[in-house]
Amino acid sequence: MSFGRAAGRSAIAIFGGYAAMNAFVGLFGALLPKIGMAQSEALVLAAMLAFPLYTALIVWVFGVRDWGRASVILFTATAAALALAATIN
Amino acid sequence: MRETFRTSMGDLHTWAGVIISAMLFAIFWMGTLSVFDAEIDQWMKPETRISEPSSFSYDALISKSAEVADGDVKGLYMMAPSFRTPVASVYYETYNEKYGSIYYDADADEALDVTKSEAGTGFIFPFHFSFHVRWASLGYWAVGFCGMAMMVLLTSGIFIHRKIIADFFVFRPQKNARRSVLDMHNITGLIALPFHFLISLSGILIFFSMYLPLGVSVATDGEPDAFYEELYPEIEREHSGTPRPLASVDDMVAQAETAWSAALGTPSGHDRVIIDNVGDAAATIQVVDYFPSRRVESSRFSMTFDGATGAVLDSYEAPTVLRSMNWLSGFHFMQFDHWPLRWLFFIGGLSGCVMIATGLMFWIQARIKKGALDPLKVRAVRGMSIGSVTGIIAATLAFFAVNRLLPKEAALFGMDRAALEMATFFIIWVASFGHAALRGKAAWKDQTAVIAALAFLAVGLNWLTTGDHLIATAQHGLWSVFGMDMVLIFSAITAGASVVRLQKTEHFEATTPSRRRSRTAITAAEATPAE
């Protein structure tokens, strides 16, 4: 793997994954209170799930052959989660 | 596809490992020592080597604090003596904004004049989670980044094994050195795998609200304050200006503990008391159980009292999900009363250190075996590895030794005793990198010899300056000091034996490539990138 490609993959994995994790926490933390969970409880639960999710996302971005497609999926999911969270709020 | 996935996991493991290992080792090393931070405190502050007090009263401690403090006391943060720390301690704030701390011997009812040192709880423990870089919380973010890297390294590390069960049982110390280093890496990684995962995850989760500001902001629609108030409820009252004496804090503590024990159906204690507006009509007393001795879970209860009347203002119990989070952080902080588990945590931490160190060693050896493609790259990684592994250990031991060497009132260049100790640590640590860069692979042996010498020196100095040698500490049941001396002696012997072995046998950084490739040695080839 060339340095440039490795750096690109790392950036997608680290920053793309971080954005996706935060979007997930935002969505989860906005959604659960609507169905009766306390806000703090929802966010704590989201946080506990978020870091294993982030780990999986990083491993996934490094593991797939076509990481261009992976980054598109990652950004689409992030945008969708953010949009949904905004709608719920 | 499967092969591709495995090789990319190999690349990820190799390169993420090399880049992050130096910092990761520092975190693991300091975290491992933090398991015994209170014991290190007792070793480095000999005045606190008192026996467990037969009784303890907050009311007595409050009047002692008022006596010692420079001005009228406004706020008090008081930690009761525990099974690990016979000394009670207080942080105080006065109405004219002066801050200070007091160590208190409950039996003698006196404030102790304690050697100035950051020791275990003030230096080693915060190093573990912040690298002592407070600016913009940069240190916390760096540690969080390393924690995430650890989880990624563990996951990718599992994927590159073909014979994961076999690797549990394969250790060939007498085979070529490269092989035994890899075996050691696999064994320490696999046997303690659940520990490594859980300790990394729980460590990250302790600071989750710092690491996830965007997510919290999205979920709360840009208004996170209510969330934080819900998460950490606190009763704050304005200073009224009407002086009123405090009611008995001991009674309040007893009341809180009775209520908590009744709620759980089993004895449930507190561990500290926080008072605001001392001597004022608006005084509040908060009794908390951040780290209860009888439970893994931290911060379950909190009870707040009115200072003047002793009436309960608020009684808090953590909700269900937060309690599972608090279990994870309680697991990570490891403050509960269980010595066998404490030692297992220590061993688990050490196994993490060995895993990281052998990972680095294997990287170097694999490059050398391949014909040292880029001697400069190998040299750089070696220098970094030696400084970050043997260097930080030597620096820590120098920190211990210099603590016993400096006179009690030592001060130099405007630095007090505690600052001098820390400066010693950092000077030795930085020097170890320089030494490694100059000496090449011989630096492994040199620095291991320094470790052996410093560990013995620390034990000797402790004896000379305090009179507490092994027999004395064993006789008096001073197990913290006895234990630390024993670990130091054990470390010195192990380091000494390593030096002898490095001298006698083939250096583990063999320069001659081994001719035969063992069939079980698959990961070796696969962990290296296909360049």
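Predicted model: local features only at pLDDT ≥ 70, side-chain atom pairs only at ≥ 80, totals over all residues.
## Helix H16 of chain B

Residues are numbered from 1 along each chain as its sequence is written, and chains are lettered from A and ligands numbered from 1 in the order in which they are written.

H16(B) spans residues 417–439. Helices are DSSP runs (H or I, at least four residues), numbered from the N terminus. From first C-alpha to last, the 23 residues of H16(B) reach 32 Å, close to the 33 Å expected at 1.5 Å a residue. That expected span is 1.5 Å times one less than the number of residues.

Buried residues of H16(B) include B:Phe425, B:Ile428 and B:Trp429. Buried means that 20 or more other C-beta atoms, placed from the backbone, lie within 10 Å of a residue's own. Helices H15 (375–405) and H17 (442–466) of chain B are among the elements that cover them.

## Nonpolar cores

A nonpolar core is a set of buried Ala, Val, Leu, Ile, Met, Phe, Trp, Tyr and Cys residues joined through C-beta atoms within 7 Å. The largest has 129 residues, and B:Ala398 is one of those with the most contacts inside it. Helix H2 (residues 39–63) of chain A gives the most to this core, 14 residues.

## Where the chains meet

Chain B brings 32 residues to the contact and chain A 31 residues. Contact requires C-beta atoms, placed from the backbone, within 7 Å. H1(B) supplies the largest share of chain B's side, 6 residues.

Methods: Contact = placed C-beta atoms within 7 Å. Helix = DSSP H or I, 4+ residues; strand = E, 2+ residues; numbered from the N terminus. Buried ≥ 20, exposed ≤ 12 C-beta atoms within 10 Å, placed from the backbone.
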